[in-house]
Amino acid sequence: MKHRLLIGVVLLVAFIGGIWAALTIAPPQTSASEPQYRYYQPYPAARELSDFTFNRANGQTLTRADLNGHWTLVFLGYTHCPDICPTTLAALNREYPQLTTLSPELPVQVMFLSVDPKRDSPERLAAYKAYFNDDFIAATADHGQVFPFVRSIGMMYAISESTEADDYLVDHSGSLVVIGPDATARGRFKPQSSPGQVTIVNPEHIVTELPQIIQTK
């Protein structure tokens, strides 16, 4: 019990620190010749991914090598999420046919990474992703694998309450991170707020700006 509470506190502190860092880092300077985006936020430099071995919903493993040769949209979440996760995945499914046509040589894929490995077994992830789109990648691992990866792509998450109860919540970003075909994190699409609606990334913005991102390689 104390061990799980300690994990929650550590993750929460790291989550707050990540938010503070994101707010205090100055945005990169762009020249007139560099691409200009309305919704996409490129990182100042491509970010190297940590080494990882995740458990996929299909029972196989997922490593950094599996991201080579693709443009990958990574979304963090968990299957017990009450709002952001199902709304985002449903929206991505609606735009998925268009996303898959944007880069025939380096196909676009969607990856749902669960940051709740205690409850999200491969079997549960398989059933969850099938509800939205069975072509999506769904994976997870223990926090020792997931947390460094999430940090390496510029994101954070936190479990700030005891995991003894079945209904604990996980704090996570609603952003979608773009990983290039060389398996480096390039930037992110941040959620857009709309009155009376769940704040999520608008997949239409991805369809609009991802072709320009792909051209930069």
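Which residues have the most contacts inside the largest nonpolar core?

1. Leu49, Phe54, Met111, Phe149, Val150, Ile153 and Ile206 do, in a core of 59 residues. A nonpolar core here is a set of buried Ala, Val, Leu, Ile, Met, Phe, Trp, Tyr and Cys residues joined through side-chain atoms within 4.5 Å; buried means under 20% relative accessible area, with a 1.4 Å probe and protein chains only.

2. A quick caveat: this is a predicted model, with local features needing pLDDT of at least 70 and side-chain atom pairs counting only at pLDDT 80 or more, while totals for chains, interfaces and linings use all residues. Numbering runs from 1 along each chain as its sequence is written, and side-chain values use heavy atoms, leaving out hydrogens and water.

3. The whole structure has 11 aromatic pairs, where rings of Phe, Tyr and Trp (its six-membered ring) pair if their centres lie within 6.5 Å; planes under 30 degrees apart are stacked, over 60 edge-to-face, the rest tilted. Phe54 and Phe149 make an edge-to-face one, at 5.3 Å centre to centre and 90° between the planes. Phe54 counts as buried because its relative accessibility is 0%, and Phe149 is also at 0%.

4. Then there's Phe112 with Tyr128: tilted, 5.7 Å centre to centre, 35° between the planes.

5. On charges over rings (NZ of Lys or CZ of Arg within 6 Å of the ring centre and within 35 degrees of the ring normal): Arg119 lies over the face of Tyr168, 3.6 Å from the ring centre. Arg47 has its charged end over the Tyr43 ring, 5.4 Å from the centre.

Terms used:
Buried means under 20% relative accessible area, exposed over 50%, partly exposed in between (1.4 Å probe, protein chains only).
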